[in-house]
Amino acid sequence: METIRALVVRESTPLPTVAVETLPTSTLYQRPLRVRVAYSTLNYKDGMVMRGQGRLVRTYPHVPGVDLVGQVLSDATGTYAPGDWIIATGFRIGELYWGGYAEEAFLEPAWAVRLPSSMTPRQAMGIGTAGLTAMLAIMALEHLSILPGSQAPLLVTGAAGGVGSIAIAIASRLGYIVAGSTGRDTETDYLTHLGASIVIPRSDLDSGPERPLESEHWLGCIDSVGGQTLARVLAQTKSNGAIASVGLAGGSSFTASVMPFLLRGVSIAGIDSVNAPLSAREIAWGRLADLLDPALLEEMITEINLEQLPTYAEKILAGQVRGRVVVALDTSL
Ligand SMILES: NC(=O)c1ccc[n+]([C@@H]2O[C@H](COP(=O)([O-])OP(=O)(O)OC[C@H]3O[C@@H](n4cnc5c(N)ncnc54)[C@H](OP(=O)(O)O)[C@@H]3O)[C@@H](O)[C@H]2O)c1
């Protein structure tokens with residue numbers, strides 16, 4: 001196509017402008033892998049980019065969208081053939097590089113994985129970076145011997161968000177007893193339906209620990225919230241437990257004691273989906289294809305179009321999005 005529709009962010013004060021524009025394809029930076037985009041998604045980071053937060057974007061105009069799934073139009077490296085389906089996430093797509101909120105994208109082949117044969121493009125974006133991150137977090141916990149079979153629950157914070165929803169669904173499918181913490185008591189039934197056996201209010205955790213070591217509750221945790229929530233979870237994690245630190249929805253800094261490390265052998269594993277190696281991504285996508293119940297995934301999805309993205313950017317930053325938001329670009333593919 002000679003022109004494409006894209007959501008374009010332009011620098012402006014106090015906030016960037018965000019609008020759907022028609023662009024000549026020649027204005028896109030030419031990389032070897034040219035893809036016709038079927039779907040993208042909305043992640044927390046996309047909300048930050050559209051609202052000009054976190055200095056994630058250095059050059060304007062910019063096309064956000066950290067995730068995309070699409071069909072290969074051409075690949076100058078020969079890695080992919082025209083018609084192949086690929087998923088691209090991370091590698092600073094949608095931050096440093098133009099992303100998935102456009103009808104076409106030009107990528108490096110090393111940024112892509114093949115769409116698993118049992119997964120539809122829409123399901124892949126229902127999962128997106130949030131789901132990939134949830135799977136990487138579980139793989140990190142498994143590596144630290146945090147395994148199903150314990151009577152102690154695996155805690156998921158920010159439970160009704162994207163990472164949280166998928167983490168609950170796959171952890172409960174794997175056999176963990178799952179607890180979710182949420183600031184929205186209206187989502188208790190949703191979280192129970194996804195597989196949480198216990199739902200606790202966010203306020204139980206977000207004021208930080210009362211003592212360096214509190215009563216031991218959690219086998220481990222997948223933490224999307226950070227801040228003093230992470231400090232409190234650390235103080236409540238059982239001996240030899242582990243926390244996968246995923247996000248900062250509640251803050252990026254925390255003050256905590258080293259006692260849980262020294263007297264309980266608790267570990268914290270950092271999760272970075274952006275730079276995760278291709279081998280880990282391929283394993284994670286394969287496991288997500290096997291583990292996630294398509295009907296449950298469908299219940300997590302809200303589908304929107306490019307024009308609705310600015311409104312949803314505000315919603316995700318305000319913690320008002322439930323589950324996953326999929327952005328339809330070309331559903332005829
Ligand atoms: N490390 C990585 O590679 C990676 C990858 C993806 C995402 N992330 C990060 O992980 C976090 C979650 O991402 P997401 O896509 O799941 O976002 P999301 O859909 O917005 O979910 C975040 C959830 O956190 C809770 N929350 C929101 N504001 C809060 C606050 N002030 N205090 C406590 N809890 C709050 C809300 O859940 P409840 O309403 O249920 O409480 C919200 O739904 C973000 O910080 C994101 O940047 C990191």
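This briefing walks through the ligand site, some salt bridges and a surface patch. The model is predicted, so to speak of local features a pLDDT of at least 70 is needed, side-chain atom pairs count only at pLDDT 80 or more, and totals for chains, interfaces and linings use all residues. Residues are numbered from 1 along each chain as its sequence is written, and side-chain values use heavy atoms, with hydrogens and water left out.

**Around the ligand**
- The ligand has 25 residues around it, and Thr182, Gly183, Arg184, Ile271 and Ser273 come nearest; a residue is near if one of its heavy atoms lies within 4 Å.
- By class, that shell has 11 nonpolar, 11 polar and 3 charged residues.
- Helix H2 (121–143) and helix H3 (162–174) each supply at least two residues of the shell; helices here are DSSP runs of H or I with at least four residues, strands are E runs of at least two, and both are numbered from the N terminus.
- One oxygen atom of the ligand sits 2.9 Å from a polar backbone atom of glycine 162.
- An oxygen atom of the ligand is also 2.9 Å from an N or O atom in the side chain of arginine 202.
- Taken alone the ligand exposes 920 Å², and the protein buries 87% of that; areas come from the Shrake-Rupley method with a 1.4 Å probe.

**Salt bridges**
- The structure holds 17 salt bridges, each a side-chain nitrogen of Lys or Arg within 4 Å of a carboxyl oxygen of Asp or Glu.
- In one of them, arginine 10 meets glutamate 21 at 2.9 Å, N to O.
- Glutamate 95 pairs with lysine 45, their closest N and O atoms being 2.9 Å apart.
- Glutamate 95 is in the loop between strand S5 (85–89) and strand S6 (104–107) and lysine 45 is in helix H1 (residues 44–50), so this pair ties together parts 50 residues apart in sequence.
- Glutamate 95 is buried at 4% relative accessible area, while lysine 45 is partly exposed at 26%; buried means under 20%, exposed over 50%, and partly exposed in between, with a 1.4 Å probe and protein chains only.

**A nonpolar patch**
- Phe254, Val258, Met259, Phe261, Leu262, Leu263 and Ile268 make a nonpolar surface patch of about 630 Å².
- Helix H6 (residues 259–264) gives the most to the patch, with 4 residues.
- Phenylalanine 254 lies in the loop between strand S12 (237–245) and H6, and phenylalanine 254 is partly exposed at 37% relative accessibility.
- Patch residues have over 30% relative accessible area and no salt bridge, with like charges joined within 9 Å and nonpolar side chains (Val, Leu, Ile, Met, Phe, Trp, Tyr) within 5 Å.

Terms used:
A polar contact is a pair of N or O atoms within 3.5 Å; within protein, one must be able to donate a hydrogen and the other to accept it, and residues adjacent in sequence count only if both atoms are side-chain atoms. Ala, Val, Leu, Ile, Met, Phe, Trp, Tyr, Cys and Pro count as nonpolar, Asp, Glu, Lys and Arg as charged, and the others, Gly among them, as polar.
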